Structures are given as structure tokens and as C-alpha cells.
Amino acid sequence: MAGSGVSAQSLYQQTQEVVAQLKQVIVGQDEAMRQVLTAFFAGGHCMITGVPGVAKTLLIASLAKIMKLSFKRIQFTPDLMPSDITGTEILEEDMTTGRRELKFVRGPVFANIVMADEINRTPPKTQAALLETMQEKQVTIGGTTYPLEQPSFVLATQVPYEQEGTYPLPEAQQDRFMFSVLMDYLEESDEVTVIKASTGTAEVELEQLMEKEDLLAYQDLVLRVEIPRELVEYIVDLASASRPENKTAPDFIKEYVAWGAGVRASQYIVLGAKAGAAIAGRMAVEPEDIRGIVAPVMRHRIGLSFRADVDRITVEDVIARLVERMPAPSATA
Amino acid sequence: MIQAAETPEGPMDEARVADMLQKLKEGREKVLREIRRVIIGQDEVVDQVLLSFFAGSHCLITGVPGLAKTLLIMSLGDALDLTFRRIQFTPDLMPSDITGTEILEEDRSTHKRNMKFLRGPIFANIVLADEINRTPPKTQAALLEAMQECQVSVGGTTYLLQKPFFVLATQNPIEQEGTYPLPAIQQDRFMFSIIIGYPERGEEIEIVSQTTSKRPAKLDCVMHGEELLLYQRVVREIPVADSVANYAVRLTGLSRPSQEGAPDFVKDYVTWGAGLRASHYLVLAGKARAVLDGRFGVSVGDIEAVAMPVLRHRIITNFKAEAARIRSEQIIERLLEAVPKPSSGL
């Protein structure tokens, strides 16, 4: 029976198989793949920043196929309306009786995996409609509430540079995403592989490896992973050290950071570490599970000061310095 | 302007009030116990939000994202069995997105067309107006107007809002481009201005451990909306001694730099002092505090306890204060020290 008898060991094995499948269609981007999978099993949402054409959609669509989940892609445009996302009520006429009735037509948000492409190209009210649905896991229209199908997973992409006609997501909205994943250009050798494959004739048939119930069961399993108290303490200290109003924050934070990572940062680092441990086949978090996810959790939660701009300091620099200054406690310390 | 609550049945008799008082004290404990199942720490914020619930007034909360503001309000909605709606304020939100719109509807049998009013999200018991300072003034005004009048007028028809009605507006303190801070006059409509800060280290550790190991609990309903309305009446039934009312009025009056006898630090640092609504809310919130404590009378201590959230957004400091890094909180602290308390004091 699907969904029963899941364990960290079975998650480890299944993830290996999922990754192997994904690698048939996606070259490189190992780190991004790992982060998206981690968010998947943690039940969090992802923001992906990257130039066009680095296989963002392919990654997500393949994942949906492998896990047998419904998938919808929404292209965000300046004229997209909230109802284009959530759905609309339409007047429907019964052919036989001639009676008219309002019927709710579900929008694309009612899919297990929603890819919100170029979310910062749409005005704030439409952005808010997506984020609200994401948070509340339901849509309320005309007094009726329609719950989303579980699992639900939103993956939003942003146009990376400040182009004209973009509406940057306010930081309170960004805070709702668990990870901010960076997808960069490929290595030269990888790019050659991609070009050869994409201009050839070979078609890859993806195998379906997981059921919806399995995924939900794994999300529950992640919550049951143990984490030693000193690691939770470390994570909370790390997040609060990024807040410039904190008296004990390091000097470079006070100088370069306008606002630091909030409580959601510490929550998502812990949750991400738990998911990472489970994917590695363990039911207990180890320091190495934390290392790889600090940057994707913190990078969209830290706002830089004007001073950082002048000194050409980036968020990545700040996070790197913070982690260097506060290394994770070593195992069994 | 400020009005007394409607009392259709006339004043309650004392025995009934005493009975209600006991029930209310128990009710408060129950509500707190439920809230504590999901909210860790933030004692002061929980207390102040509860006070404004029972006083039947609205709150303004300032704090960074991710501090469980929505969770707190939703939990209160669950515990009190009230409908809850959240409105995310954005720069392109329109007044009708809050209040509702009229649409054209056709009658199936007669084929006559009628205008039908579709109620907006404001028709709920508890409305969370999230990041109210991100929306332009006209839309802010639509919310505040409905809040004040407890009704919405569209196309010549007036629709009454649900009761109890409670607005909790949040402001993000991170200064961003394109925000529209609420003008002082609009802020005055909120009874309390509550500041919510980061939790203590120990609290944050506990929050993080709990939220990542189990799904949020669904709260039990421990009190119903009608009971809350009744308790709001009880709050207003509580007598206030002249000496205590005088103290509230004096505290407010002396925050105005033009007032005779205002302390020097007020004359130096304050542009605008607190208005009449301040003394009204000091007494009302003081009554709510007494009632929730099971006491039948407002003490000077009650007024002092609510002075900070009532006066915080009503005392506007000047440039000189900014240069000396003095904020309204410090003015209030000094006022509380400087203004003599009535000797009877209760």
C-alpha cells in the first residue's frame, strides 16, 4: 500500500532513483536539484533565480512526472489578474432546463506543483493572490472555500536583474519561500553535452517512481527526524547574529545589513536540515546537514545597507563571513 | 466621534454583572490556555490583543515578518469561533477589494436584471489588514471608514458589518520605497499600537523546535461570538472612580505641549500630544483590564498598564527629539513618573 512503511532508508533509496532519473534529462545543476528535492520533502516552497534557458521548467516538469503529480506553469505578465491564478465563477446554462448557474472554474493554482514563472513581472495584487493561496492552502471565492490538493508546492522564478517594468517581491512576501535557489550557467563541458542531446533525436521516457501518498508520508517523516538541542541553539544564534539590531551581532553585520533573517529563517534551516538528514537515510540531524542550506535559506531574507552597495559587498559575502565566524559545532562535540 | 456603546436593554443589574465577571475570568484563562498551545512567548502582545478584543476596539501592530502575527489572530478566531479574513495590502489594492462590489445579476425566471452586492473580505468578525502601509491613502481610508462606521455604503445601500468586529492592522517597520505611512489622524482610530519584537533566545529555540516537529494544532472553540459581545457590554458596565478618570485625563492633557503645566520635556520634544480619544481609550482599556482580572473597578494601576499602547502612536515627537534619539515611548515613561497619582489610588 502506498504511503505506508516509509522510512529514512526508503527515502534515501527513492531519492537516489529520482536523481538518477532526473539526470537523464538534466545535465549539471546538482546543487539546485538537491535543494529543490529537500524543499519538496520538507513541504516548503522555492524561489529560483537564474538566467533564462537553464532548464528550470524542465527540472520541475520532470519531477512532477516522476512523482505522478499534477503540474501547471503560470507565466506571470504585467496584465495577469488574481482570478487568472485562483479561478473564476462563470455563468453556466443548463442546456436541457435553460437554468443558469454560477460555477467555479478552478485556476492553475489547483495543481500539486505550480511553477510561477517570472513572478516579479506581475503587479503586487496578483503576486499577493498566489502567495496567499500558497500560505492558506485554499481559495475563497464568492463565499465558498476550495481547499488545494495536497501536496502543494510552488516554485517561483524571478527575472534576475532589475529590468524595467518589474515589481520586486517585498521582503515580507519573499520570507514565505523556504529556499532561494540559484541556478547558474553550466560548465562548458556540460553545455556541450546539453547541446548534443537537445539537437539530437533521442527521447527520454521518464519512469514514475513515487505516489502522492508516499510524498505526504515522507513529509510527515521529516517532521519526526531528531535534532540535538545544541544544533537548534546554533541555528537560532546564527539567524539572530544576522540581525543588526541585535547587540551581540558582529560588526560587519551592523555595518552592511539593513535587516536580518527573521524567525522563519531559523525554522526553515532546522526543517531543511531534517529533510536533508532523512534524504541521507538518517533519522537524526548532523552538522553537515546544516552547512549546505544556510545560504539558500538566508539569501532572500537579508537586506543590505547602502554602505554594502558602496563597498560592493553582496549577500553571499555576508552569509559566507557569518558562517566562517560561527562554524557549526562539530559532530558529537 | 466617540460614542457610548448601544445599550438596548438598559444597564445590567449588579448580581448579573458579578456573575459574568466570574465567568469572564474563567473564559480568559481558557482562551489563554488555547492560545498558548500554538503561540510561544509574546506574553505582552497576547495580553494587549485580548484586551482590545474585550474592549471592542482595534489594534495596530508593528513588527517584522514571521513573528506569528497571523497565527495569533487566526488562533483567537478559532478559540472564539469567529470568522477570519486576511487582506494583503498592496500598492494596487482598490477600495472595492476591501468592501465589495456590485455585480449585475439576472433573475432566472423573469429575466430581469438586478444589481447584486458581493461582500468583500471586510465582512468578517476578525479582519487582518496585513502591511496596511503598502497601500495608497484612498484604500487605507476605505478600511478605516468601514472600521469607524461599522458599515459599508455602496450604491445608496448600507450594509452593516458583522458583530463583533475587530480589525488588526499590521505595519512592517522595514522602511521600503513605495510605502505610505498611516497619517497620525488615521492611527488615532486604533485603540492600541502594539510593538512586536524578536523573541528571546530561549523562546526562539522553543518556537523553532516545536514548529519543525509537528503540524500546527487546531484550536478548540472555548467562547462564542455572542458571549464576547455580552462581555464587551460588561466591560462598559464597570464603574470608574472620578479620581481615576481624572488621572487618565491629566495624563493625556499633560502630553500636549500647549497645555498649561505640561512638563518641560513635553514642551521640548513633542509636536502633538494625545487627543481626546486617548483618555477615552485609557479608561476603556483600563476597564477591560480590570474585568479580565475579575475586578469590579478600574484602578490607577490599570490606566498605567495600558498607557504605553494607548499613547505610543498619539504622541508625535519633533526634530529635536529625533536628534536626541528620544521617542514617544520615553516621553510616556517620563510622563508616568511626572504626573502625580491620586492618593486614594484604589
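This is a predicted model: local features need pLDDT of at least 70, side-chain atom pairs count only at pLDDT 80 or more; totals for chains, interfaces and linings use all residues.
Good morning. Chain B is divided into two domains, domain 1 covering residues 1-236 and domain 2 covering residues 238-340.

How do the two domains of chain B meet? On one side there are 24 residues of domain 1, and they are in contact with 22 residues of domain 2. Several elements of domain 1 of chain B give two or more residues to this side: the helices α1 (14-38), α2 (43-55), α6 (184-187) and α8 (225-237), together with the strand β9. By class, the residues that domain 1 of chain B turns to domain 2 of chain B are 15 nonpolar, five polar and four charged.

Chain A may be described in the like manner. Its domain 1 is made of two segments, 8-198 and 209-216, and its domain 2 runs over 226-325. Taken over C-alpha atoms, the centres of the two domains of chain A are separated by 25 Å. Here 20 residues of domain 1 of chain A are in contact with 20 residues of domain 2 of chain A. On the domain 1 side of chain A, at least two residues each come from α1, α2 (30-42), α6 (171-174) and β9 (179-183). That side of domain 1 of chain A has eleven nonpolar, seven polar and two charged residues.

I turn next to the sheet in chain B. Please find the five strands in the order β2-β5-β8-β1-β9, which form an open sheet with parallel pairing. Which strands stand at the edges? They are β2 (84-88) and β9 (192-195) of chain B, and each has a single partner strand, so one side of each is left without a neighbour in the sheet. From one strand to the next, the twist averages 20 degrees.

Let us follow strand β1 (residues 59-62) of chain B. With strand β8 (residues 166-171) of chain B, strand β1 pairs in the parallel sense over four bridges. Within this pairing, Leu60(B) stands opposite Ala169(B), and Thr62(B) stands opposite Gln171(B). Strand β1(B) is also joined to β9(B) by four bridges, and these two strands run parallel. There, Ile61(B) stands opposite Ile194(B).

An antiparallel example is also found in chain B. Strand β6 (residues 151-154) and strand β7 (residues 157-160) of chain B pair in the antiparallel sense over four bridges. One of the bridge pairs is Val154(B) with Thr157(B) in β7(B). The two strands β6(B) and β7(B) form a hairpin with two residues between them, and Gly155(B) in the turn has a positive phi of about 55 degrees.

What of the helices in chain A? The axes of helix α1 (residues 8-25) and helix α3 (residues 56-66) of chain A come within 10 Å and cross at roughly 135 degrees. The helices α1(A) and α3(A) are therefore oblique to each other. The crossing in which α1(A) passes α3(A) is right-handed. From α1(A), the residues Val18(A), Gln21(A), Leu22(A) and Val25(A) take part, and they meet Leu58(A), Ser62(A), Leu63(A) and Ile66(A) of α3(A). This contact of α1(A) with α3(A) has six nonpolar, two polar and no charged residues.

A few backbone details deserve attention. In chain A, the peptide bond from Gln150(A) to Pro151(A) is cis, with omega near -5 degrees. Where is Pro151(A) found? Pro151(A) is in the loop between β7 (144-147) and β8 (153-158) of chain A. In chain B, a cis peptide bond joins Lys163(B) and Pro164(B), with omega about -5 degrees. Pro164(B) has its place in the loop between β7 and β8 of chain B. Finally, Lys68(A), a residue other than glycine, has a positive phi near 55 degrees. Lys68(A) lies in the loop between α3 and β2 (71-75) of chain A.

I close with the two chains together. How many residues of chain B are in contact with chain A? There are 28 residues of chain B in contact with 28 residues of chain A. Helix α7 (residues 201-211) of chain B gives the most to the chain B side, with seven residues. The residues on the side of chain B that touches chain A divide into eleven nonpolar, nine polar and eight charged. Thank you for your attention.

Note on methods: Residues are numbered from 1 along each chain as its sequence is written. Chains are lettered from A and ligands numbered from 1 in the order in which they are written. Two residues are in contact if their C-beta atoms, placed from the backbone, lie within 7 Å. Ala, Val, Leu, Ile, Met, Phe, Trp, Tyr, Cys and Pro count as nonpolar, Asp, Glu, Lys and Arg as charged, and the others, Gly among them, as polar. Two strands pair if DSSP finds at least two bridges between them. Axes are lines fitted to C-alpha atoms, for helices over the stretch in contact, and angles run from 0 to 180 degrees between N-to-C directions. Domain bounds come from an automatic or database domain assignment. Angles under 35 degrees count as roughly parallel, over 145 as roughly antiparallel, 65 to 115 as roughly perpendicular and the rest as oblique. A crossing is left-handed if the near helix is turned anticlockwise from the far one by less than a right angle, and right-handed if clockwise.
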